[in-house]
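Please take a slow walk through this protein with me.

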Amino acid sequence: VGRQLGNPALQPPTCSVPKLKRSVLSFIPILSWLPCYSVRQDALGDLISGISVGIMHLPMGLAYALLASVPPVFGLYTSFYPVLMYCIFGTSRHISIGTFAVTSIMIGTTTERLAPNSNFMSLNGTNGTQILDVVARDALRVQIAASTTFLSGIFLFLLGMIRFGFVVTFLSDPLVRGYMTGAGIQVVLSQLPSLFGIRVGRFSGPLSQVYLLIDICRHLPETNIAAVVVTLVALAVLIAVKELNIYYEKKMPVPVPIELITVIATLISYYCKLHSLYKVAVIGQIPKGLKPPSSPDVSLWGSIVGDAFAVGIVGYAVNISLGKIFGQKHGYTVDSNQEMVAVGLCNIVGGFFQCHVVAASPPRTLLQDSTGGKTQVVGMISSVLVLIFILQLGTLFEELPKAVLACIVLVNLRGLFMQFKDIPELWKSNKFDLLVWLVTLVCTILLNLDLGLAASIGFSMLTVIFRTQLPRYSILGHVPGTELYLDTDTYEEAKEIPGITIFRSSTTMYYTNAQLYLDALQEKSGIDIGMLLMKKKKRDTEEKRKDEKEKNKAKKQAKKPIMLLKCVFYQSRVKIETLSLCQSKVNWGFEQQGNGFDQDSKTDIHGNDHITQMSSTGREGEMGRSSVNDTHTIILDLSTANFADTATVKTLKNIFLNYRKIDIDIYLTGCQVCVVEQLSSAGFFSESIPKSCLFTTIHDAVLHSLRLHGDLTCTTKM
């Protein structure tokens, strides 16, 4: 009653308790799934999966920290804090968030650009050699990585809160896959010095990878043989066991954790003294314990804002892609906006604890799914394992050769390089997408990761615009016995209806292709509107001049008294001819309105295959009509249009006005409601263009045209 009476006091509150509860549960998903957690069904699988993923986190955290150009222990921090945050706020049950090669190399590009080695070189007063201050350099790089991570998290969190998760849709699948492949190539190039045991310079900016490759080739004579031996042995073991894991995937409950086994096995280097005797580069000091949080350096934000946004979007794109794949596989929904909020919070918290940007790792995610993980409890268990390693076992790996970590990185990039198989598939399916894939790959390699991403998105947008500039224009024909109208060039069964031209574009018409639409309409219909209007104007001018000449002649004759009888006779003849000419024009207009079949014509009507042909003898010269197809109706199929801008409205108005001048009816079909509303708002409909020209389907417009033009037999047989 209160609602009917409009009493505000009795109206339901806009912020009710159930609505508040739903909002809290959607913002903190762990509150909804943890109370319903089934220990009997899920605990064992989550435990096994958590241990397996945690074991994989350890070597990956150490290896990807080197990609980010920060000390290895900070990769372990990245495998701990953000993982716990995602367990609380994430909506995917199967992705494993943490360190990822692509985001790590993007962070490494930023840290090396803002803190290059050259800024920390000093002269030794004793022998005059240059000394690198590694401690100061690493401290600044950690601060840069943490600030970039924090700012990236702020961007993602704010975009997620305003429900802007659809921004990732601008990153098409070919673009993302090409970008990942290009980033993988950069990762390989960055790890080559560790594989060969050489030292090269650091490069940033466009063509930096070309300069790096040249520098690597220049230093190859300095290759450390011991490092190469370690590399070959590690690669052989890793690749062999990885292939066995894939081959016996269905027979083994848990894949062999070969990364951790390799790391432990190479600790023998401590006894072989590879570092002291053979100068093999090792990880170095790994401090025990966790560091207290520290605020990011706000003064760096001006220099890293572009990098932070780019790396955040890339990390989120990887997350949502993997999340939706496994969500569809296991039958649950992944909220894109909440995922953006969750990843943003992971990076914000990670920024306070000197972490770098996180993303879902495909190898760890596949491992989590294959080992029976069903919830994010897997992340909690893996975090506990990483924490134990940080607190107690980190110092055991200080003598681990960097070449082993580089091998672990390369072997886990296998999935990225398998994406080269996209090239033949895209060549067969869609060459535009193939072009986007290749251009993205080249831009990523040559322009570096940040500029490469921007250039790739710009090129992808250009391809969309280019596709709208090259739509497919079709003339539709009727399929006998149905209400279908198909492209006559593609389907032989579709036959054009005599006197009716049905025109359709494969894309929406807007300001960039409006003129192309008009040109294609004239070309496909065979009606040159400009020429016909010019002929009609010329004809009207000649008729007007003849009328004026006859009137002047009549006036001169009327002034002669002697010729009175002849003048009377002449005026009578003029009236008769004028009346005949007016009657001819009236009949022609009557015919063009649909009722003008010649009453003396004996032409028969034969269903769909024939429509009564009006006499065209001298018609083109008199009325400007096309003698080729004798079209009386043009139907524009706008079913592909999803909006109507001012150029669309103007073009349609011109079509209506110009074709009406040569007595051709124009009908619109298939218009969506939003298009009709936009046309109405723009003042398109008027007395000259009524809404009665709109039809729901092409078939309705065809039947109306046939009835209007008198082909009743054809109407009944369709």
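Helices here are DSSP runs of H or I with at least four residues, strands are runs of E with at least two, and both are numbered from the N terminus. The model is a predicted one, in which local features need pLDDT of at least 70, side-chain atom pairs count only at pLDDT 80 or more, and totals for chains, interfaces and linings use all residues. Residues are numbered from 1 along each chain as its sequence is written, and side-chain values use heavy atoms, with hydrogens and water left out.

Which residues of H29 are buried? They are Ile698, His699, Ala701, Val702, Leu703, Ser705 and Leu706. Buried means under 20% relative accessible area, exposed means over 50%, and partly exposed lies in between, using a 1.4 Å probe and protein chains only.

## The six-stranded sheet

Let us look at the sheet next. Its six strands form an open sheet in the order S6-S5-S7-S8-S9-S10, with mixed pairing. Strands S6 (485–487) and S10 (694–695) are the edges, each pairing on one side only. Two strands count as paired if DSSP finds at least two bridges between them. S5 and S7 run antiparallel and are joined by four bridges, with Ile475 partnered by Phe503 in S7. Phe503 also stands opposite Leu636 in S8, and S7 and S8 pair in the parallel sense over five bridges. Five of the six residues of S7 are buried, so this strand is mostly covered. Further along, two bridges join the parallel strands S9 (residues 665–669) and S10, and Leu668 faces Leu694 of S10.

Helix H29 (residues 698–708) packs on this sheet, touching S5 (473–478), S6, S7 (500–505), S8, S9 and S10, and its direction makes about 155° with that of S9. Another helix, H27 (residues 646–661), lies across S8 (633–637) and S9, running at about 150° to S9. These angles run from 0 to 180 degrees between N-to-C directions, with axes as lines fitted to C-alpha atoms, for helices over the stretch in contact. Contact means heavy atoms within 4.5 Å.

## The second largest pocket

How much space lies in the second largest pocket? There is about 1,400 Å³ of it. A pocket is an open set of points on a 1 Å grid over the protein atoms alone, where a 1.4 Å probe fits, with protein on both sides within 12 Å along at least five of seven lines; lining residues have an atom within 4 Å of a point. The volume is the space filled by probe spheres set on the points, which are joined across faces, edges and corners.

The lining has 49 residues, and those nearest the centre are Pro362, Pro363, Leu366, Arg414 and Gly415. Helix H15 gives the largest share, seven residues. Among the other helices that supply at least two residues each are H4 (39–67), H17 (362–370) and H20 (414–417). By class, the lining holds 32 nonpolar, eight polar and nine charged residues. Here Ala, Val, Leu, Ile, Met, Phe, Trp, Tyr, Cys and Pro count as nonpolar, Asp, Glu, Lys and Arg as charged, and the others, Gly among them, as polar.

## Two buried residues

Ile95 sits in the loop between helix H6 (81–89) and strand S1 (97–98). Is Ile95 buried or exposed? With a relative accessible area of 1%, Ile95 is buried. Not counting residues up to four places away in sequence, its contacts include Tyr86, Asn319, Leu322 and Gln376. Ile95 and Phe326 are 231 residues apart in sequence, yet their C-alpha atoms are 7.8 Å apart in space.

Ser460 belongs to helix H22 (residues 431–469) and is buried too, at 9% relative accessible area. Beyond its neighbours within four places in sequence, Ser460 is in contact with Ser172, Leu175 and Val436.

## Two loop residues with positive phi

Leu207 is not a glycine, but its phi is positive, about 65°. Leu207 lies in the loop between H9 and helix H10 (208–219), and is partly exposed at 36% relative accessible area.

Asp663, also not a glycine, has a positive phi of about 60°. Asp663 is in the loop between H27 and S9, and its 23% relative accessibility makes it partly exposed.

## The whole protein

Stepping back, the protein has 30 helices and ten strands. Of its 718 residues, 47% count as buried. Among contacts with a separation of 6 or more, 80% come from residues 24 or more positions apart.
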